[in-house]
Amino acid sequence: MEYISQEHANITVSDPEKTAAWMQPVFGWRIRWQGPALVSGFTLHIGTEVHYLALYCPADLQKTPSDPDGFLGGLNHIGVCVRDLVACESRAKKAGFTPRDHAEYEPGSRFYFHDFDGIGYEVVSYSFE
């Protein structure tokens with residue numbers, strides 16, 4: 001069996017449409033599909049032609065841990081690779097997020113932020129020679 005590529009990740013959010021509304025301008029993604037999901041929930045797929053995130057909300061949304069990064073078995077963060085880190089950071093700020101933990105490392109640069117549901121994102125830009 002040949003590995004092709006990671007296609008998607010599925011995350012639970014409180015409001016898929018609200019999450020997609022900030023992801024479109026910040027990451028330049030588009031909505032690929034949306035509709036009914038398991039247990040009377042709703043799912044929205046957002047991303048590129050090749051990769052996407054499935055934003056899922058069950059009909060009966062349960063409380064989430066107050067610190068998703070420290071929750072065993074929880075999601076630490078989602079990594080998103082962009083061409084222009086400075087422009088993406090500006091768009092993230094405009095969307096109401098607070099970039100933090102900036103770092104330079106071989107072979108690139110990064111920053112992190114949390115969205116309205118407390119989901120962490122690492123935004124990276126690589127400078128391959």
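Which strands does helix 1 lie across? In this predicted model, helix 1 lies across strand 5, strand 7 and strand 8 (120–126). Helix 1 runs at about 15° to strand 8. Helix 2 packs on the sheet as well, touching strand 6, strand 7 and strand 8, and its direction makes about 10° with that of strand 7. Here is a quick tour of the sheet and of the two helices.

- Four strands make up an open sheet, in the order 5-8-7-6, with mixed pairing.
- Strand 5 (78–81) and strand 6 (100–105) sit at the edges with a single partner strand each, so one side of each has no neighbour in the sheet.
- On average, neighbouring strands of this sheet are turned by 20° against each other, direction ignored.

**Strands 6 and 7**
- Strand 6 and strand 7 (residues 108–114) run antiparallel and are joined by four bridges.

- Helix 1 (residues 16–27) packs with helix 2 (residues 85–94) at an angle of about 150°, and their axes are 8 Å apart.
- Because angles over 145 degrees count as roughly antiparallel, helix 1 is roughly antiparallel to helix 2.
- The crossing of helix 1 past helix 2 is right-handed.
- On the helix 1 side, P25, V26 and F27 make the contact, while helix 2 brings in C88, R91 and A92.
- Sorted by class, this contact of helix 1 with helix 2 has five nonpolar residues, one charged residue and no polar ones.

Technical notes. Residues are numbered from 1 along each chain as its sequence is written. This is a predicted model: local features need pLDDT of at least 70, side-chain atom pairs count only at pLDDT 80 or more; totals for chains, interfaces and linings use all residues. Side-chain values use heavy atoms; hydrogens and water are left out. Axes are lines fitted to C-alpha atoms, for helices over the stretch in contact, and angles run from 0 to 180 degrees between N-to-C directions. Angles under 35 degrees count as roughly parallel, over 145 as roughly antiparallel, 65 to 115 as roughly perpendicular and the rest as oblique. A crossing is left-handed if the near helix is turned anticlockwise from the far one by less than a right angle, and right-handed if clockwise. Contact means heavy atoms within 4.5 Å. Ala, Val, Leu, Ile, Met, Phe, Trp, Tyr, Cys and Pro count as nonpolar, Asp, Glu, Lys and Arg as charged, and the others, Gly among them, as polar. Two strands pair if DSSP finds at least two bridges between them.
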